[in-house]
Every structure is written in C-alpha cells, then in structure tokens.
Amino acid sequence: MVEMYYFERLSSTQDEARQFIMRESPQDTVMIVAKEQTNGYGRFKRPFYSPQHGLYLTFIVPAQMITCTLPLVTHATAVAAIERIGQLSTQDVKIKWVNDLYVADRKVGGILTEQMHTPDQDYLLIGIGINIRPQDIPVALCDKMATLDYHGPELPAGWLEQLGDGIMHTLQSSDAWIMTQYREHSMVIGAQVSAQVGHETINGQAVAITDQGGLVIQTHDEQRTIYTGELTRLVLTGGVGGDDN
C-alpha cells in the first residue's frame, strides 16, 4: 500500500520528496501530493505553472522495486497515468513524446523522473502534474494549456492510491508491454516534427517509437532515432499542432 502525505501548498513536491527521503529513508513507495506548487518545475528545470486546485504529486519508489528498464520509467508512468485519467474524464488524452500529456493540441499534464542516491539505496522520484480546474490561466499559456473536464470538488476516494498501484504495476511489467501501450496512446507517430537534440534541430516525420523508447524520425535523406531532446514543433494529421515552449 502506498504511504500518502497531503499538502495544500508546497514549493515543489519533488523538493519535498527529497527532504522526506533524507529524513525517513523509506523502504516502500510514498506519494507526496499537493493542490498547489509555488515553485514547480519540469524537464530542464523549466517552471511548471501549478495553480490552486490542480493535481501535483511525486511518487517515491525505491529503485530496486522496479523491473522495467530504467530509461522507460517515464514511458511506463505515462501509460499508467492515462489509464487512471480515464476514470476522471472522457477526454482523449494522448502522449507527446516523451513525457507530456495532451488533449488535442494543448498540454494537460507532464511527467518528470529524477533519481536520488543515498548511502543506503537509490530512489526514483516520479513527478506528475495534471491541470484540473486551474483558475486565471496566464494569457501566454491560454493557447498551450488544457484542463481535464472533471468537476468534482475532490478526487474520487482511493483514486490516488489506485494511481500509485497502477504505476507500480506498469514499472514491474516487461519493456515490450510498456512500449506497446505507450505507442497505442502516442500522438506523434505519423506527425511532422522538429526535434531539438542539444544544439541540433532534426526535421521530419515521426515514423515509429522503438521498444527502447527512442523516437524514429524520417528526414529528407535518412532515418534518425533519438532518445533525448524534445519536440519543439508537432503538426498532426489534419494540420493540428504547433510550437512547444
């Protein structure tokens, strides 16, 4: 059973999780949950807008508890998150490689996986942020940010515990199963993309996602497979899409 800790407001659930590990050295899974973050962040330490009434959490997992390949932890978490989001909303939530959750062409959530090493053991800190009923969306984010159409005053009883159980089930599944599910929920296969990998920009069509989590891009003269970086442009079938931040 996941050990749960709830907060109205935190600077960042990732930061709180690190402090918890230093204090408690947990031997099992722990979930740190907040309704608001004042200094939330995502990949590359970019600010993650985290207003009141959202869902922001960090799932602490002792590294020895997972059996999937470490680079697929984010992919596995995305699969588990979409399954549980389906209990809250009828919206068609998709995965934008590698760690973002989208409704149509707008971001509804994101996943951040970090590692923490201690003298006793290693931990995974899996951060999840989902936009639920945010208020006063900044003008700069209005055309980029989506929210779930969930209108309950609180999350259903047991939903967070089920999310934790679902994440653990997926982290203990085979890489092949994880990636089959991930591809089924992907929004990028077949899309025209621009990928920023270091100082290089790769333009082409996303044609596949490998069992190792790599995105295969067909450029005008070759196929490239990338495992790091981010998609800065995504044009879906029918012309839906746009630039990312």
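What follows is a set of questions and answers about pockets, aromatic rings, a helix and some backbone details.

Modeller: This is a predicted model, in which local features need pLDDT of at least 70 and side-chain atom pairs count only at pLDDT 80 or more, while totals for chains, interfaces and linings use all residues. Residues are numbered from 1 along each chain as its sequence is written, and side-chain values use heavy atoms, with hydrogens and water left out.

Biologist: What is the volume of the largest pocket?

Modeller: Rolling a probe the size of a water molecule over the atoms shows where empty space is left. On a 1 Å grid over the protein atoms alone, a pocket is an open set of points where a 1.4 Å probe fits, with protein on both sides within 12 Å along at least five of seven lines; lining residues have an atom within 4 Å of a point. Grid points are joined across faces, edges and corners, and a volume is the space filled by probe spheres set on the points. For the largest pocket the volume is about 660 Å³.

Biologist: Which residues are the closest to the centre of the largest pocket?

Modeller: The lining of the largest pocket has 36 residues. By class it has 15 nonpolar, 13 polar and eight charged residues, where Ala, Val, Leu, Ile, Met, Phe, Trp, Tyr, Cys and Pro count as nonpolar, Asp, Glu, Lys and Arg as charged, and the others, Gly among them, as polar. The closest to the centre are Gly-42, Pro-47, Phe-48, Asp-100 and Lys-107.

Biologist: Which element gives the largest share of the lining of the largest pocket?

Modeller: Helices (H or I, at least four residues) and strands (E, at least two) are DSSP runs, numbered from the N terminus. Among the elements that each supply at least two lining residues are helix H1 (13-24), strand S3 (55-62) and strand S6 (106-117). The largest share, five residues, comes from S6.

Biologist: Which element gives the largest share of the lining of the second largest pocket?

Modeller: The second largest pocket has a volume of about 500 Å³. Its lining has 23 residues, with Arg-43, Pro-71, Thr-74, Val-98 and Thr-113 nearest the centre. Helix H2 (73-85) and S6 are the elements that give two or more residues to this lining. The largest share, five residues, again comes from S6.

Biologist: How is the aromatic pair of Tyr-5 and Phe-20 classed?

Modeller: Rings of Phe, Tyr and Trp (its six-membered ring) pair if their centres lie within 6.5 Å; planes under 30 degrees apart count as stacked, over 60 as edge-to-face and the rest as tilted. Tyr-5 lies in strand S1 (residues 3-7) and Phe-20 in helix H1, 15 residues apart. Their centres are 5.0 Å apart with 55° between the planes, so the pair is tilted.

Biologist: How is the pair of Phe-48 and Tyr-56 classed?

Modeller: Phe-48 is buried at 19% relative accessible area, and Tyr-56 is buried at 1%. The ring centres are 6.5 Å apart and the planes stand at 80°, so the pair is edge-to-face.

Biologist: What arc do the buried residues of H1 cover around the axis?

Modeller: The buried residues of H1 are Thr-13, Gln-14, Glu-16, Ala-17, Phe-20 and Ile-21. The arc is that of the directions from the helix axis to the C-beta atoms. These residues are on the same side of H1, because the arc is only 155°.

Biologist: Which peptide bond is cis?

Modeller: Most residues other than glycine have a negative phi, and most peptide bonds are trans. Val-98 is in the loop between strand S4 (93-96) and S5. With omega near 5°, the cis bond is the one from Trp-97 to Val-98.

Biologist: What is the phi of Ala-104?

Modeller: Ala-104 is in the loop between S5 and S6, and is exposed at 51% relative accessibility. Although Ala-104 is a residue other than glycine, its phi is positive, near 55°.

How values were computed
Buried means under 20% relative accessible area, exposed over 50%, partly exposed in between (1.4 Å probe, protein chains only).
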